Amino acid sequence: MSLSCDDRKALVNYRIEKAYASFEEAQKVAAISLWNLAANRLYYALYHAASALLLSDGYTSHTHKGLMSQISMNYVKNGKILPEEGKLIWQMFNKRREGDYEDFEETTEEEIMEATPKVKMLIDKLIRLNRLATK
């Protein structure tokens, strides 16, 4: 499916809105000590921001791992995103996967409290890198 420039810009901005909404949801569920769910929402906040960036630059991915690989190849390798920021996306993906699918894997309050400001800073950076963002 080919998108017009206007449609692509609208989709990029919709994904940015989803990133911020998911981050807000993470904060709300963390406030009631739902740590696995907070990890899920933090990951999806990053996912939506990263997918908006990829779309703005003409890259596509059909899987979560594909998205992370595209981020690594196109932004970490050229220094636009720091290696530790690329790792953060993988870490949150793994926390989300473990919390959603693994038995006896529980995300801790400390993990969420440590990750939350890092996730927010990376979301903001992904959006600053986005040439089609109007937010």
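Analyst: The buried residues of α1 are V12, N13, I16, A19, S22, F23, A26, V29 and A30, where buried means under 20% relative accessible area, exposed over 50% and partly exposed in between, with a 1.4 Å probe and protein chains only. An α-helix has 3.6 residues a turn, so residues three or four places apart point the same way. The cover over the buried residues of α1 includes α2 (35–56) and α5 (109–129), with contact taken as heavy atoms within 4.5 Å.

This is a predicted model, in which local features need pLDDT of at least 70 and side-chain atom pairs count only at pLDDT 80 or more, while totals for chains, interfaces and linings use all residues. Residues are numbered from 1 along each chain as its sequence is written, and side-chain values use heavy atoms, with hydrogens and water left out.

Helix α1 runs over residues 5–31, 27 residues in total, and reaches 39 Å from its first C-alpha to its last, close to the 39 Å expected at 1.5 Å a residue. That expected span is 1.5 Å times one less than the number of residues. Helices are DSSP runs (H or I, at least four residues), numbered from the N terminus. Just after α1, S33 has a positive phi of about 65°.

The structure holds 6 aromatic pairs; rings of Phe, Tyr and Trp (its six-membered ring) pair if their centres lie within 6.5 Å, and planes under 30 degrees apart count as stacked, over 60 as edge-to-face and the rest as tilted. Y43 and Y44 form an edge-to-face pair, 5.1 Å centre to centre with 70° between the planes. Y43 counts as buried because its relative accessibility is 0%, and Y44 counts as buried because its value is 18%. The pair of Y43 and F93 is also edge-to-face, at 5.6 Å centre to centre and 65° between the planes. F93 counts as buried because its relative accessibility is 6%. Y43, Y44, Y47, W90 and F93 form one aromatic cluster.

Conventions:
Helix = DSSP H or I, 4+ residues; strand = E, 2+ residues; numbered from the N terminus.
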